[in-house]
Amino acid sequence: MPSISDDYQVGNIFWAKVGSHPWWPCMVYHSPDGDSYVKEKGRSFIYHVQFLGPLVERAWVSANNLIPFSGKKNFDEYVQEKLRTTKDKSEKIKFESKSVSSNKSIWIQSWKEAEVAMNLTVNERIERFGRISVKQKSRRLDKAEEGELLELMSNVPLTIEEEAESLSTFLKDELEIRMQKNPELDKKMLEDELRSQWPALDIAEKRKYLRDQLGIFDDPLQVNSKFC
């Protein structure tokens, strides 16, 4: 398995080449799904980058299409040297000048922003120019934590959707159990009786019939802050 180079870490800035687009300043940054900023592809890696400048765009780019950013002047000199010395046709095409006429002002803003970022520490750079919203993944609760939260929520009223789901499951389960025990029961009368019993059940009992008993929260770990 290949190893990840320290040169490609979150906050490092590069020139990136994507398809037929011109080389564009970027910063290695977290992907929005929160998984990682690097993926293994074949025998190498691809890196998630956020392009610098006024447009917040991103891409996964291989190391072969990333050049460390050390200023516009150094980049121009590097490109000229590549064009002068390389004999590989595909490599030469990659470094040949591409028209940026329609986006020239944005491109200029981008490399100027990168030159500002270049003189900051990595943490300062991330703080100032990291613009992609990254999803924070919550960890799975263990049984003890889940039990504590369910107890905490025992007095939290069900939403309309939860009430409907819980009642539906209650009726289905109870009808099935009682009809199996006594097939001669009138199903309609039994359902009416169960419906009349439903309001008397407490919230904790009703929650037992939900598929996701902690489902009203985007992140169950935030329950304590909401209800304590």
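User: What makes a local feature or a side-chain atom pair count here, and how are residues numbered?

Analyst: In this predicted model, local features need pLDDT of at least 70 and side-chain atom pairs count only at pLDDT 80 or more, while totals for chains, interfaces and linings use all residues. Residues are numbered from 1 along each chain as its sequence is written, and side-chain values use heavy atoms, with hydrogens and water left out.

User: What makes a set of residues a nonpolar core, and which members of the largest one touch the most others?

Analyst: The term denotes buried Ala, Val, Leu, Ile, Met, Phe, Trp, Tyr and Cys residues joined through side-chain atoms within 4.5 Å. Buried means under 20% relative accessible area, exposed over 50%, and partly exposed in between (1.4 Å probe, protein chains only). The largest such core has 34 residues, of which Trp15, Cys26, Tyr47, Val49, Phe51 and Leu66 touch the most other members. Elements giving two or more residues to this core include strand 1 (13-16), strand 2 (24-28), strand 6 (66-68) and helix 3 (104-118). Helix 3 supplies the largest share, 5 residues. Another core, of 8 residues, lies apart and has Phe170, Leu171, Trp198 and Tyr209 among them.

User: How do you know that there are 9 helices and 6 strands?

Analyst: Helices (H or I, at least four residues) and strands (E, at least two) are DSSP runs, numbered from the N terminus. On that basis the protein has 9 helices and 6 strands.

User: Why is strand 1 said to be covered on both faces?

Analyst: Ile13 and Trp15 on one side are buried, as are Phe14 and Ala16 on the other. In a regular strand, side chains alternate between the two faces of the sheet.

User: Why are strand 1 and strand 2 called paired?

Analyst: Two strands pair if DSSP finds at least two bridges between them. Strand 1 and strand 2 have 4 bridges and are therefore paired, in the antiparallel sense. Ile13 has Met27 of strand 2 as its bridge partner. Strand 1 is also joined to strand 6 by 3 bridges, again antiparallel, with Leu66 of strand 6 as the bridge partner of Ala16.

User: What describes the packing of helix 3 and helix 4?

Analyst: Their axes are 9 Å apart at an angle of about 140 degrees; axes are lines fitted to C-alpha atoms over the stretch in contact, and angles run from 0 to 180 degrees between N-to-C directions. Contact means heavy atoms within 4.5 Å. Helix 3 contributes Glu113, Val116, Ala117 and Met118, and helix 4 contributes Arg125, Arg128 and Phe129.
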